[in-house]
Structure formats: C-alpha cells, structure tokens
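Student: I would like to learn how to read a few features of a protein model. Please take them one at a time.

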Amino acid sequence: MSLEKFIKNALSDWMRGDGPESDIVISSRIRLARNLNSIPFPLIATEEQLEQVTESVGGITNQSEPQKELGSLTLLTMSQLKALEKRVLVEKHLISPNLADESKAGAVILSENESVSIMLNEEDHIRIQCLFPGFQLEGAWNQANSLDDWFESHLDFAFDEKYGFLTSCPTNVGTGLRASVMMHLPALVMGQHMNRILPAINQLGLVVRGIYGEGSDALGNIFQISNQITLGRSETEIIEDLANVTKQLIEQERQARKSILESSRLRLEDRIYRSYGILSNARVIESKEATQRLSDVRLGIDLGLIKGTSSTILNELIVLTQPGFLQQYAGETLSPEQRDERRAKLIRERLLLSE
C-alpha cells in the first residue's frame, strides 16, 4: 500500500487539523463517564455481568436513531482484536491503554469518522468520548451531551441526587465530565514561560499532561490541558473555565512566536531549517527526536517560513510514527532499531508528498 493511501485510510478527522485555531489547538475532547445502576462497577463486576453491559449498549447503538448524525457505528471487542490493532487504537486516542490491556470484557463503539468513541467496561461501564479537530470544545460537548441524553433515555444510569453521576473513581463523581484540549506551544517552551504558566493553570483546577494523558511526557511541545474537578460544578462551568484558559494560552503563544521572530529570527530559522533538513534526509531517527523536530517544522509552517508543506504534518506524523502504526504500515513486527529506520523512511516519504 502506498503511503498516501495508508494515510488516507489511517487518519481520524481530528488528525486532519482543519478546525478553529488549529495552528495552536490540535484537538478538543469531551469525555463522559457513566455506569449502569443494576450492574456493579467494572472493578468488581464479573465478566458475565460486563458482557451484559456490552450487549445492552451494543443493542441500543444498532438502532437507527443516533446514526442519522454519526453514520454507521462499529462495535469492536478487545478479545477479538490483535495486540497490534489495540495499540493502533490507543495511538489514535480512540481507546485508553487500560481498555486495551487490562479491562475485562472490554469493547469500543466507533463512529465512521472516529470523532465518537464509546469505551465499554474500562474503569466505568460507559465512557463517551467526542474528539474534534482544533478548538471546538462546545461542538464536542454538544455531540457528547446529545449521545448522553440518548443513552439515558434507554438505560438506567447510576445517579445520586446529592452527588450526581456515580463513577468508579471519586474524582469523576458529579458530572463525570473530562474536557480537554491538546495544544502545540513551542514558543512558550522556547521562551521558558511554561514553568511559570503550569502552576497558574493548576491553581485554576486544571491539570496539564503530555500527549497521551496521565503519566506521559509533553513530547513535541504538545500539552493536554483538562479539568480536575467534576463534583460541585456544572458542565457549562467546567467547559467555560477550560475555554477561557485555552484562549489565554492561544494569545500568549502567538505573542511568544512574534517576540521570538523579532528578537531571534536568525536562530529560529536555523533551528527550523535544521530540523527540516534532518527529517528530509535521516535514515534512522528515534521517536523523541522525531517528535521534537516535527514540532520545529510545524512552527516553521505556521510562521510562513516553510512553504508548500501541509500544516497537518505534525498531527499526522505524531501518530503515524508511533510503534503500532509503523508496524501496521510495514505489515510485520519490528524491532526498536527497525522502527527507527522505518520512522525515518516514513517521514521522508511524507515530506515528499507535500512537495
């Protein structure tokens, strides 16, 4: 399969980067945690009980009502997927590592364009995820809320009048809402502003993580910012707070880019073109270096220093150069050294497609 065809078939809509403020905000995500009232939480439920969850939810999504907007929905059970297939779903942010590796009777329901992912029997019975390109928190919320209402009209959710929706983890009790944005903030990192910004964000009840969430590093100057508090606040308040912080970060990043261009243009150009040259010619490259140099190239594209190269290249290659995708494209299991070689080759070919 050619790389162009592989990319076309492999990319989710959020990776195409054509949403509002997409030069800085890569994606917006809303996730809602829900549990069925009649079945114990996944941590203590039997596999048979969890299979009832999959049967109930799967039966509902087979009906025509939600498909008007989402197209056909596909149910995938983790037990029927190969390890590499599950890894690819994790790398595309469609399922969590926990669902892939540790859940009993785990499954996921995906929409055609993969903007909707409904995880079953992860930490909670149901986790509705809506993932949109660019800065579209409100759009992602409207989609998730519509799905939640639809499920609630068919299912009896675990709910307490005082505490709200009940979840396996106490931090999700209340709205069960996790809202997040994935942002590319290279200028703020270069200017060493993030050490000042991160504590201020934490004081606002938000948390900053790396590209793959909790426990991951902020590779390629990509940060995931989300709410920490779900209890005692409405969904609207949570989303508005995150949206306001996101707007401030967008403005600060734009100002930082302008400042670096004015004060250190030659050094910035040298860094960007060096990264472009290495990516265009490297025969072996590790994931960490590739991600950082792709961040430089994306910054160069956004600043108009590199022309003729797609602005979605960072979104695409940050995922396509992960181990699962590299092996899927190669059609075989690869050693770490072979992955480094394949990663370099894939990046060279992708850059050529833009010329």
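Student: How many disulfides does a search of the whole structure find?

Tutor: A disulfide is a covalent bond between the sulfur atoms of two cysteines. Here the search, which looks for cysteine sulfur atoms within 2.5 Å, finds zero. This is a predicted model, where local features need pLDDT of at least 70, side-chain atom pairs count only at pLDDT 80 or more, and totals for chains, interfaces and linings use all residues. Residues are numbered from 1 along each chain as its sequence is written, and side-chain values use heavy atoms, with hydrogens and water left out.

Student: Is Cys-130 buried or exposed?

Tutor: Buried means under 20% relative accessible area, exposed over 50%, and partly exposed in between (1.4 Å probe, protein chains only). Cys-130 has 0%, so it is buried. Cys-169, at 23%, is partly exposed.

Student: At what angle do helix H10 and helix H11 pack?

Tutor: Axes are lines fitted to C-alpha atoms, for helices over the stretch in contact (heavy atoms within 4.5 Å), and angles run from 0 to 180 degrees between N-to-C directions. For H10 (residues 287–302) and H11 (residues 313–320) the angle is about 170°, with the axes 9 Å apart. The pair is therefore roughly antiparallel, a word for angles over 145 degrees.

Note on methods: Helices (H or I, at least four residues) and strands (E, at least two) are DSSP runs, numbered from the N terminus. Angles under 35 degrees count as roughly parallel, over 145 as roughly antiparallel, 65 to 115 as roughly perpendicular and the rest as oblique.
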